[in-house]
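Dear colleague,

I am handing over the structure we spoke about, and my notes on it follow below. Please read them with the coordinates open beside you.

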Amino acid sequence: MARVCVIGLGYIGLPTAVILAKAGHKILGIDINEKVVSNVNNGVSHFSEPNLDRALLSVVSDGILRASKNIETADVFIIAVPTPLKKSNTKIPIPNIDYVLSAVKSILPVLMKGNSIIIESTCPIGTTNKVKNIILKHTKLNENDFNLAYCPERVLPGNIMKELIKNDRVVGGHNDKSKEEVIKF
């Protein structure tokens, strides 16, 4: 099983981390909020979602999931940070991807050949390409050294734990190898 780092332990990140831990992956959850990190390490969710609390306590008690403010090496990095809307010149709000780009920059020191990066945050067209360019510019990796894919979440609050497992997902990779590797994961 993979070592997975889930960046952002909110409404998508925390349930995703718990489900992946239940599937046997070793999970490190990352959040900038110390209270969230503390709660998760105590097996307590910071929001209400059916079936989450018991599953979270189980995987934390078993040592399969832990939380931190600090990034560590992993096989797979899942970015599940907020993308709040911001005003644009066209008067149509657009997602602010600053948190996504910050999350990507935070993994650069530990990113290695063969790693996969999955963006789950809701992002506009072109974000995956921006992320790829950041990785290429700030590491010694080339395009075929890592897997990068966009796989947006599609769940409704109150049913997240079921829908993360049951819903079909759309996966778009920066190349065919990335897409296939992320689909397998």
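A residue is called buried here when its relative accessible area is under 20%, exposed when that area is over 50%, and partly exposed in between, with a 1.4 Å probe and protein chains only. By that definition, 49% of the 185 residues in the chain are buried.

Please keep in mind that this is a predicted model, in which local features need pLDDT of at least 70 and side-chain atom pairs count only at pLDDT 80 or more, while totals for chains, interfaces and linings use all residues. Residues are numbered from 1 along each chain as its sequence is written, and side-chain values use heavy atoms, with hydrogens and water left out.

The chain has 7 helices and 9 strands, which are DSSP runs numbered from the N terminus (helices: H or I, at least four residues; strands: E, at least two). Its radius of gyration, taken over C-alpha atoms, is 16 Å, close to the 16 Å that the globule rule (2.2 Å times the number of residues to the power 0.38) gives for 185 residues, so the chain is as compact as a globular protein of that length. Of the contacts (heavy atoms within 4.5 Å) with a separation of 6 or more, 67% join residues 24 or more positions apart.

As for the interior, a nonpolar core is taken as a set of buried Ala, Val, Leu, Ile, Met, Phe, Trp, Tyr and Cys residues joined through side-chain atoms within 4.5 Å. The largest such core has 34 residues, of which V4, L9, L14, V18, I27, V40 and L65 touch the most other members. Among the elements that give two or more residues to this core are β1 (3-7), α2 (34-41), β3 (65-68) and α6 (160-166), while α1 gives the most, with 6 residues. Apart from this core lies another, of 27 residues, including I30, I79, V81 and V110. Leaving aside neighbours within four places in sequence, L65 is in contact with A17, V18, A21, I27, V40, L56, V59 and V60.

Two backbone positions deserve a look. Most residues other than glycine have a negative phi. N51, however, is not a glycine and has a positive phi of about 70°; this residue lies in the loop between α2 and α3 and, at 44% relative accessibility, counts as partly exposed. K91, likewise not a glycine, has a positive phi of about 70°; K91 is placed in the loop between β5 (85-86) and β6 (94-95) and, at 77% relative accessibility, counts as exposed.

With best wishes
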